[in-house]
Amino acid sequence: MTGDLFESENEQPWAESRGEGVVVLRRFARADAPRLLDDIQKIASQAGFRIMITPGGHQMSAAMTCAGDWGWVTDRKGYRYQHEDPQTGAPWPAIPERFSQLAGRAAEEAGFSGFQPDACLINRYEPGAKMGLHQDRDERDFSWPIVSVSLGLPIVFQMGGPKRSDKPERILLEHGDVVVWGGPARLNYHGVLTLKKGNHALTGPYRYNLTFRKAG
């Protein structure tokens with residue numbers, strides 16, 4: 001699978017509603033992708049990607065780092081946000097202005113005005129990595145949406161309902177696609193299926209995911 005082989009550079013973004021409170025903005029971040037990836041590398045040079053451990057002692061399959069006033073961490077003590085990178089004791093790198101502007105524009109396009117994230121979770125997926133169904137519920141205020149940006153290899157995103165038993169819809173996400181969910185969908189279960197092998201022109205064998213949140 002080779003990303004972008006047949007994709008037009010001039011393809012215009014478009015929006016898809018996937019139920020109340022869920023919008024997929026196709027190709028929304030594609031034009032910014034090279035610069036976003038440069039910013040990811042700058043962040044990773046200060047706060048390196050790492051494999052975190054769940055409270056139950058299991059390794060997460062995607063590598064992660066963070067930027068912003070708050071970074072999300074998991075270890076034997078539980079899931080939480082904190083100001084410092086636990087590996088260095090230093091504050092997380094600042095969210096680049098380009099990131100904040102993209103997140104705000106995407107939220108606005110999806111119907112959520114005034115979104116200013118204070119946390120950006122950056123996941124790096126390699127073939128075989130996945131993310132099980134879960135809720136984003138460690139934030140203080142659920143009135144703000146989640147904005148999720150896909151860069152690199154395609155992956156199948158799952159958007160369920162407010163109960164774990166709700167059957168999720170499967171949505172193929174490609175390079176530059178952005179998913180925004182909030183309002184009645186804010187606590188929906190979601191995740192991604194296993195990343196398949198491939199090579200993308202910008203990211204090689206990887207998929208990167210930026211998840212913007214209002215945590216504090």
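Which residue stands opposite methionine 159 in strand 13? Select methionine 159 and look across to strand 13: histidine 190 stands there.

Before going on, note that this is a predicted model, in which local features need pLDDT of at least 70, side-chain atom pairs count only at pLDDT 80 or more, and totals for chains, interfaces and linings use all residues. Residues are numbered from 1 along each chain as its sequence is written, and side-chain values use heavy atoms, with hydrogens and water left out.

**Stop 1: the open sheet**

Select strand 10 (residues 155-159) and strand 13 (residues 190-192), which pair in the antiparallel sense over three bridges. Strands here are DSSP runs of E with at least two residues, helices are runs of H or I with at least four, and both are numbered from the N terminus. Two strands pair if DSSP finds at least two bridges between them. Now show the open sheet of four strands, with the order 8-13-10-11 and antiparallel pairing. Its edge strands, strand 8 (131-134) and strand 11 (169-173), each pair on one side only.

**Stop 2: strand 15**

Select residues 207-213, which form strand 15; seven of its seven residues are buried (under 20% relative accessible area, with exposed over 50% and partly exposed in between; 1.4 Å probe, protein chains only). Arg207, Asn209, Thr211 and Arg213 point one way, while Tyr208, Leu210 and Phe212 point the other way. In a regular strand the side chains alternate between the two faces of the sheet.

Alanine 119 has arginine 213 as its bridge partner in strand 15.

**Stop 3: arginine 50**

Next, select arginine 50, in the loop between helix 1 (33-46) and strand 4 (63-68). Arginine 50 is buried, with a relative accessible area of 7%. Its side chain makes a polar contact with the side chain of aspartate 85 (3.0 Å); such a contact is a pair of N or O atoms within 3.5 Å, and within protein one must be able to donate a hydrogen and the other to accept it, while residues adjacent in sequence count only if both atoms are side-chain atoms. Leaving aside neighbours within four places in sequence, the residues in contact with arginine 50 (heavy atoms within 4.5 Å) include Met64, Pro86 and Trp92.
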